Structure formats: structure tokens, C-alpha cells
There are 2 protein chains.
Amino acid sequence: MDDLHSIGMEKGLLYETIISTENEAGEPNAAPIGVICKDKREIVLYLNHATHTLENIKINKNFTVNITHNPLIFVNSTISDLDFNYFKKYNDKFYIKEAEAFFTATVESVKEVEKEDNIGKTTVNIIKANVNDIIIKEKQFTPLNRAIFAIIESLVYVSRIELVDDNTRNIYLERINEMTRVVNRVGGLDHKEAMKRILKYLEDK
Amino acid sequence: MDDLHSIGMEKGLLYETIISTENEAGEPNAAPIGVICKDKREIVLYLNHATHTLENIKINKNFTVNITHNPLIFVNSTISDLDFNYFKKYNDKFYIKEAEAFFTATVESVKEVEKEDNIGKTTVNIIKANVNDIIIKEKQFTPLNRAIFAIIESLVYVSRIELVDDNTRNIYLERINEMTRVVNRVGGLDHKEAMKRILKYLEDK
């Protein structure tokens with residue numbers, strides 16, 4: 001039987017997914033949400049207040065996590081509502097037809113916390129959920145994790161940093177700091193270790 | 001028989017890989033290099049002057065393209081030389097042991113061109129090569145393409161752009177421009193279309 005590890009999700013990493021839910025009127029909704037793999041069959045989401053996803057999850061106590069690399073699904077579900085014909089039902093739950101894989105989840109707990117970031121104070125809802133059915137539609141797929149890309153982007157700057165003027169160098173260093181934050185938020189131990197080596201290399205120069 | 005399409009590489013897209021080569025003394029070298037898929041069995045690289053990879057490729061007329069998500073291999077091969085014990089031989093060619101897949105390639109042509117970017121004028125060598133053997137070591141893998149990550153990063157800014165001050169907004173817009181350049185360089189038609197929608201959405205606001 002499949003679990004999160006067998007579909008390539010590792011404990012502690014955050015994956016970029018599309019979560020599909022259903023509102024009280026029975027209409028589907030989709031939004032790009034980061035999903036943290038906590039264990040073989042356990043995930044955690046951080047959801048902002050006043051979003052359809054949160055409302056629907058609170059009503060139904062369940063949702064579907066869609067794994068896809070399709071860029072238009074990410075864009076359309078962010079800047080507008082994803083068209084109805086992108087969805088299909090698995091048992092009585094909406095999923096996204098073009099997803100490479102998807103799984104259903106049942107909410108275990110919802111906890112509200114205050115969070116402060118560079119934009120200001122916001123209320124975040126921490127959703128713990130258990131994974132139910134995992135459906136793989138395309139054999140060759142990997143869940144989307146941003147850490148390796150943050151590292152590759154940092155390496156692009158590292159390899160150019162000695163060729164540029166001070167102003168550009170500061171922009172590069174600021175970007176590497178930003179990428180370090182991404183790696184610490186979404187990556188695994190090997191990503192964090194790789195990022196540490198990059199920072200040490202820059203320090204020693 | 002496998003070809004680039006069957007291992008998930010699409011025509012026109014650029015993939016982040018590690019290229020392994022051998023120098024005149026028979027020692028292995030590895031470097032992170034972008035590989036453009038031109039056709040089922042044809043690739044193109046853009047290599048900077050005075051790099052070991054270029055020198056070795058000119059000597060041997062062949063090289064190995066390693067597909068991996070291992071962050072330490074990317075970091076170590078950029079900031080230092082990859083340790084000898086990372087390599088193994090397939091027939092008489094070096095590849096990287098931990099790669100999820102790799103393929104050997106034979107140079108068809110090398111063309112020098114002058115290129116100008118924000119750093120200045122540089123000489124770039126355009127290498128056309130034919131793909132020989134493709135070896136898949138891990139069933140579940142995907143070649144690394146940055147386009148979807150550039151789109152996801154842009155969407156993070158899009159979803160926050162109305163919450164921030166003018167200064168931060170300008171930083172976000174500059175990043176979205178940078179991500180648009182990445183998508184145009186490494187992405188496919190669907191990625192470019194997705195990016196266009198993001199830009200149009202921002203314009204219409």
C-alpha cells in the first residue's frame with residue numbers, strides 16, 4: 001500500500017501542491033498550498049485566514065492534495081478560480097484531472113496561531129491531517145520541492161559574484177539570504193547542509 | 001530503446017545537470033551545466049571559455065550528462081572539485097555514482113560566439129552533441145527544470161503584492177521580471193504561456 005514516502009515525499013520537507021476542496025454549495029475550489037510531510041500518512045498545512053480553502057476544510061473536515069507540475073493550474077488557481085472542467089470526482093471528493101497523483105486527507109486538528117512576518121501580523125491556521133487514499137496517475141512523477149532550486153539559484157550567484165560590482169554583489173548576497181530562508185523552510189537536512197557550505201564558502205573568500 | 005523524451009526531457013527545455021568529463025591525465029571532472037534538449041537524441045550546451053569541462057570536451061569529443069537532485073553534488077562541484085569517490089566508470093566514461101540517471105554524448109560540433117550580458121562580453125562555446133547510451137538507475141526521477149519554480153516564486157509575489165509598500169512592490173516586480181527571463185530561457189510553451197498570464201494579470205490590476 002502506498003504512503004507518502006513511497007511517492008517520494010520525505011519527512012520534514014514542504015511540497016508545493018494544489019489543494020482541492022468543496023464548498024457548502026457543492027462547488028469545487030483549488031488553491032496552491034504548501035504541504036509539509038510529517039510522517040508516512042500525516043501532513044501539516046499552514047493556511048491564512050479568510051480563504052476558501054480554510055472555510056471548506058472547516059466545513060468538510062477533508063480535502064484533496066494534488067501533485068502536479070502543470071504551470072497553468074498553478075497560475076489559474078492563484079489569479080482566478082480554476083474552471084470547473086479541471087475537476088473530477090474520486091468517490092465523493094474533487095481532485096484535479098491533470099494531476100500526476102493525488103491523495104485524500106481527513107482533518108485531525110485545526111489550531112489558530114498569530115504569526116508575524118515582514119508584511120505584518122496575521123492569523124495562521126495550522127491544519128494537521130491524516131492521509132487516506134493515494135492515487136498515482138502517472139508513473140514518472142516527483143512531488144514539487146523548491147529546495148534544490150533555491151540551491152541552484154544560489155550557485156548561479158556564487159559563480160558570478162567575483163565578476164560583478166559591489167552593488168550587484170549586494171543584490172546577489174540578499175538573494176542568497178532569501179534562498180537560505182527558502183531552504184530552511186522547505187528543505188531537508190541535505191539541502192540545509194548544502195546551503196551551509198555555500199554560506200561558509202562565501203564567508204571564507 | 002530509451003531516448004530523451006522517454007526520460008522526461010522535452011524539446012526546447014533546458015535542464016540543470018552535472019556534466020562529467022575526463023582530462024588528459026585520465027582524471028574525472030564534474031560541473032553543473034544546463035543542457036538543452038534539442039531532439040530525441042540531440043542536445044546543446046553553452047560553455048564558458050577556460051573551464052575544465054570545455055577543455056576536456058574538446059580533447060575527448062565526449063562527455064556524460066548526469067541527472068541528479070542531490071544538493072551536495074551541485075554545491076561541491078561548483079565551489080570545489082568533486083571528490084574522486086563520487087565517480088564510477090560506465091564502459092570507459094566517468095559518471096556520477098549517485099545520479100538517478102545518466103547518458104553519454106558525442107560532440108558533433110563546437111562553435112565559438114561572442115555574448116554580451118549584464119556582466120560584460122564573454123566568449124561562449126556552443127556544443128552540439130548526440131546522445132548515446134541512456135542509463136536509468138532510479139525508476140522514479142524527473143530531470144531538473146527550473147521553469148515551474150520560477151512560476152511558483154512569481155505567484156508568491158503576486159499573492160502578496162497588494163499587501164506591501166511601494167518599495168517592496170518594486171522589489172517583487174523586479175524579481176518577477178527576473179523569473180520571466182528564467183522561464184523564457186529554460187521553459188516550454190506552457191511555462192511561457194503561464195508567465196504571460198501572470199504579467200497580464202499584473203498589468204490589468
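Predicted model: local features only at pLDDT ≥ 70, side-chain atom pairs only at ≥ 80, totals over all residues.

Q: In what pattern do the elements of chain A follow one another along the sequence?

A: The order in chain A is β-β-β-α-β-α-β-β-β-β-α-α-α. For the dimensions, the C-alpha atoms of chain A fill a box of roughly 60 × 40 × 30 Å along the principal axes.

Q: What percentage of the residues in chain A is buried?

A: Of the 205 residues in chain A, 48% are buried. Contacts can also be sorted by sequence separation. Among the contacts in chain A with a separation of 6 or more, 66% join residues 24 or more positions apart.

Q: How are chains A and B related?

A: Two copies of a chain are related by a rotation about an axis and a shift along it. Here the rotation that superposes chain B on chain A is 180 degrees, the shift along its axis is 0.0 Å, and the RMSD is 0.0 Å. The two copies are therefore related as by a two-fold rotation axis. In chain B, the C-alpha nearest that axis belongs to Gln140(B), at 2.8 Å.

Q: How many residues are in the largest nonpolar core?

A: The largest nonpolar core has 76 residues. Those with the most contacts inside this core are Ile151(A), Ile198(A), Ile151(B) and Ile198(B). Take one of them: leaving out residues up to four places away in sequence, Ile198(B) touches Val75(A), as well as Ile151(B), Ser154(B), Leu155(B) and Val158(B).

Q: How should I read the packing of α3(B) against α5(B)?

A: Look at the distance between the axes, then the angle, then the hand. The axes of α3 (residues 147-160) and α5 (residues 189-204) of chain B come within 10 Å and cross at roughly 15 degrees. An angle under 35 degrees counts as roughly parallel, and α3(B) and α5(B) are therefore roughly parallel to each other. Their crossing is left-handed. On the α3(B) side, the contact is made by Ala147(B), Ile148(B), Ile151(B), Ser154(B), Leu155(B) and Val158(B). On the α5(B) side, the contact residues include Ile198(B), His191(B) and Tyr201(B).

Q: Which strand of chain A holds Phe103(A), and is Phe103(A) buried or exposed?

A: Phe103(A) is in strand β7 (residues 101-117) of chain A. With a relative accessible area of 0%, Phe103(A) is buried. Not counting residues up to four places away in sequence, Phe103(A) touches residues including Leu4(A), Met9(A), Phe63(A), Ile67(A) and Val131(A). Ile67(A) is 36 residues from Phe103(A) along the chain, with 8.6 Å between their C-alpha atoms.

Q: What should I check in the backbone of the loops?

A: Ala50(B) is not a glycine, yet has a positive phi of about 60 degrees. Ala50(B) is in the loop between β3 (42-48) and α1 (52-60) of chain B, and at 69% relative accessibility counts as exposed. Lys61(B), also not a glycine, has a positive phi of about 60 degrees. Lys61(B) is in the loop between α1 and β4 (62-67) of chain B and is partly exposed, with a relative accessible area of 43%.

Conventions. Residues numbered from 1 in each chain as written. Chains lettered and ligands numbered in written order. Heavy atoms only, no water. Least-squares fit on C-alpha atoms with pLDDT ≥ 70 in both. Core = buried A, V, L, I, M, F, W, Y, C linked by side-chain atoms within 4.5 Å. Buried < 20%, exposed > 50% of the residue type's maximum accessible area, 1.4 Å probe, protein only. Contact = heavy atoms within 4.5 Å. Axes fitted to C-alpha atoms, helices over the stretch in contact; angles between N-to-C directions. Helix = DSSP H or I, 4+ residues; strand = E, 2+ residues; numbered from the N terminus. Parallel < 35°, antiparallel > 145°, perpendicular 65-115°, else oblique. Left-handed = near helix turned anticlockwise from the far one by under 90°.
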